[in-house]
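I wrote down what I looked up, in the order I looked it up.

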Amino acid sequence: MAETEYYDAARLVSEVQELLRARGLNPDATGRAGKAQAGAGMLLRALGITPGMDMVDALARSVDKPWADRD
């Protein structure tokens with residue numbers, strides 16, 4: 001049985017936007033980022049890949065953000 005493969009849908013959206021810019025297009029998902037990520041998730045599932053963030057990337061993102069003060 002094959003191991004489950006994961007890919008971050010947000011990363012896919014970002015990479016597709018970069019590709020489109022390189023081809024001379026101007027992608028803009030302002031106000032529609034959720035729809036773009038949902039579509040990316042559907043594409044990944046159709047290709048047999050589970051949408052999800054790599055655990056190392058998730059941890060890195062969580063520590064890169066400043067922690068809110070709770071004073």
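Entry 1, a term. Before reading off any residue, I noted the cut-offs: buried means under 20% relative accessible area, exposed means over 50%, and partly exposed lies in between. I also noted that this is a predicted model.

I looked up Leu20 and found it in helix 1. Is Leu20 buried, exposed or partly exposed? Its relative accessible area is 30%, so I filed Leu20 as partly exposed. I then listed its contacts, leaving aside neighbours within four places in sequence, and got Leu25 and Pro27. I also took one distance: Leu20 and Lys35 are 15 residues apart in sequence, and their C-alpha atoms are 17 Å apart in space.

Entry 3, the whole chain. I stepped back and counted three helices and two strands in the protein. Read from the N terminus, the elements run β-α-α-β-α. I wrote down the span of the C-alpha trace along its principal axes, which is about 45 × 40 × 20 Å. How does the radius of gyration stand against that of a compact globule of 71 residues? The globule would have a value near 11 Å, whereas the protein has 15 Å. Of the 71 residues, 11% count as buried. For contacts between residues at least 6 apart in sequence, I noted that 69% join residues at least 24 apart.

I found Asp8 in the loop between strand 1 (6–7) and helix 1. Asp8 has a relative accessible area of 10%, which is under the 20% limit, so I filed Asp8 as buried. Which residues does Asp8 contact, beyond neighbours within four places in sequence? I listed Gly52, Met53 and Arg61.

Entry 5, the core. I asked which residues make up the largest nonpolar core. It has five: Ala9, Leu12, Val13, Ala40 and Leu44. Helix 1 (9–22) and helix 2 (33–46) each supply at least two residues of this core. Helix 1 gives the most, with three residues.

Next I looked at how helix 1 and helix 2 meet. Their axes come within 8 Å and cross at roughly 100°. Angles of 65 to 115 degrees count as roughly perpendicular, so helix 1 is roughly perpendicular to helix 2. On the helix 1 side, I listed Ala9, Ala10, Leu12 and Val13 as making the contact. On the helix 2 side, I listed Ala36, Gln37, Ala40, Gly41, Leu43 and Leu44. How many of the residues in this contact are nonpolar, polar or charged? I wrote down eight nonpolar, two polar and no charged residues.

Val13 touches Ala36, Gln37 and Ala40, not counting residues up to four places away in sequence. Ala36 is in helix 2. By the same way of counting, Ala36 touches Val13 and Ala29. Ala36 has 25% relative accessibility, so I filed it as partly exposed. I also noted Ala36 with Leu19: they are 17 residues apart in sequence and 15 Å apart in space, C-alpha to C-alpha.

Last, I looked up a residue in a loop. Thr30 lies in the loop between helix 1 and helix 2. Is Thr30 buried or exposed? Its relative accessibility is 61%, so Thr30 counts as exposed.

Definitions and conventions: Residues numbered from 1 in each chain as written. Predicted model: local features only at pLDDT ≥ 70, side-chain atom pairs only at ≥ 80, totals over all residues. Heavy atoms only, no water. Core = buried A, V, L, I, M, F, W, Y, C linked by side-chain atoms within 4.5 Å. Buried < 20%, exposed > 50% of the residue type's maximum accessible area, 1.4 Å probe, protein only. Helix = DSSP H or I, 4+ residues; strand = E, 2+ residues; numbered from the N terminus. Contact = heavy atoms within 4.5 Å. Axes fitted to C-alpha atoms, helices over the stretch in contact; angles between N-to-C directions. Parallel < 35°, antiparallel > 145°, perpendicular 65-115°, else oblique. Nonpolar A, V, L, I, M, F, W, Y, C, P; charged D, E, K, R; others polar. Rg over C-alpha atoms; globule rule 2.2 N^0.38 Å.
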